Structures are given as C-alpha cells and as structure tokens.
Amino acid sequence: MSNGKLIPSVCIDAVLGDQSIDEALKIVSKAGYSAFEFWCWWEKDLTEVMRAKDKFDLSIAAFCTKFISLVDPELREDYLRALDESIQTAKHLGCENLISQVGDFIPGQSRE
C-alpha cells in the first residue's frame, strides 16, 4: 500500500525464486507490475536489490521480518531486536510495509 492505495506486487521468492534478482525484476516489470516483495532480506544482496529496483523503475511493496516466533515468550527480546533490524532495513530500502509471522502453535501456550 502506498499513500492509501493498494498496489499489486509479485513475491519474487515465491514466484521467481530460481531467477537472479535482476532477471526476476525484469520479468516483474515486463509483466506490468510496478512493485515486488520478497522474503529474507538478510539473505539478499541489498545493493543488488536496490540497483535492479531502480533499473526497472519498481518499488518494494514489502518484505519479511526475521522468522522468530512471537508465540514463545523466551524469544520476545530476540524478536524485538530482529524487528528493529528489519525496520532499519525497510527505511534504507524505502519500503513502507513489513510482513511478520506469529510463529508456530505451541501446545499448552496461549496465543495471548
């Protein structure tokens, strides 16, 4: 979403995971999309992501925060630290949206 408008995007990891960043964004652009998203920012060459994003005049719709469970209270500080890293990365990349996962159900552990 940008300025309150929904912008369709393609998750390059889900749809084009076997392609290089450059090739994936070329395909996204040629398909008529103006935005893309991806999963693990910490596994990407962010300089390459930014270069290809600019080359094909695309925006980053969203990416995932680090996969740390919010269900396990012992991991709460780790989650918050990783969330801060993801927020700083989003600011660097000019991305307004993050995707965060709750984590797996733990038997006997309340979702609250």
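Q: Which exposed residues does the face of helix 3 turned away from its buried side carry?
A: That face carries Thr47 and Asp54. Exposed means over 50% relative accessible area, buried under 20%, and partly exposed in between, with a 1.4 Å probe and protein chains only. Helices (H or I, at least four residues) and strands (E, at least two) are DSSP runs, numbered from the N terminus.

Q: What kind of model is this, and how are residues numbered?
A: This is a predicted model, in which local features need pLDDT of at least 70, side-chain atom pairs count only at pLDDT 80 or more, and totals for chains, interfaces and linings use all residues. Residues are numbered from 1 along each chain as its sequence is written, and side-chain values use heavy atoms, leaving out hydrogens and water.

Q: Back to helix 3: which of its residues are buried?
A: Leu46, Val49, Ala52 and Lys53 are the buried residues of helix 3. Seen down the helix axis, they fall within an arc of 125°, so they line one face of helix 3. The arc is that of the directions from the helix axis to the C-beta atoms.

Q: What do they pack against?
A: The buried residues of helix 3 pack against helix 2, strand 2, strand 3 and helix 4. Contact here means heavy atoms within 4.5 Å.

Q: Which residues touch the most other members of the largest nonpolar core?
A: Of the 20 residues in that core, these are Ile12, Leu25, Val28, Phe36, Phe38, Ile60 and Phe63. Helices 1, 2, 3 and 4 and strands 2 and 3 each supply at least two residues of this core. The largest share, four residues, comes from helix 2. A nonpolar core is a set of buried Ala, Val, Leu, Ile, Met, Phe, Trp, Tyr and Cys residues joined through side-chain atoms within 4.5 Å.

Q: What does Leu25 touch, leaving out residues up to four places away in sequence?
A: With those left out, Leu25 touches Ile12, Phe36, Val49, Ala52, Lys53, Phe56 and Leu58.

Q: Do strands 2 and 3 run parallel or antiparallel?
A: Strands 2 and 3 run parallel and are joined by five bridges; two strands pair if DSSP finds at least two bridges between them. Ala35 has Ser59 of strand 3 as its bridge partner. Five of the six residues of strand 3 are buried, so this strand is largely enclosed by the rest of the structure.

Q: What about strand 4?
A: Strand 4 (residues 98–99) runs parallel to strand 3, with two bridges joining them. The chain crosses from strand 3 through helix 4 to strand 4, and this β-α-β crossover is right-handed. Right-handed means that, with the strands pointing away from the viewer, the path from the first strand over the helix to the second runs clockwise. Strand 2, helix 3 and strand 3 also make a right-handed β-α-β unit.

Q: How many disulfides are there?
A: The count comes to zero, where a disulfide is a pair of cysteine sulfur atoms within 2.5 Å. For Cys40, the nearest cysteine sulfur, that of Cys64, is 6.6 Å away. The sulfur of Cys95 is 10 Å from the closest cysteine sulfur, in Cys64, too far for a bond.

Q: Are Cys40 and Cys95 buried or exposed?
A: Cys40 is buried, with a relative accessible area of 11%, and Cys95 is buried at 8%.
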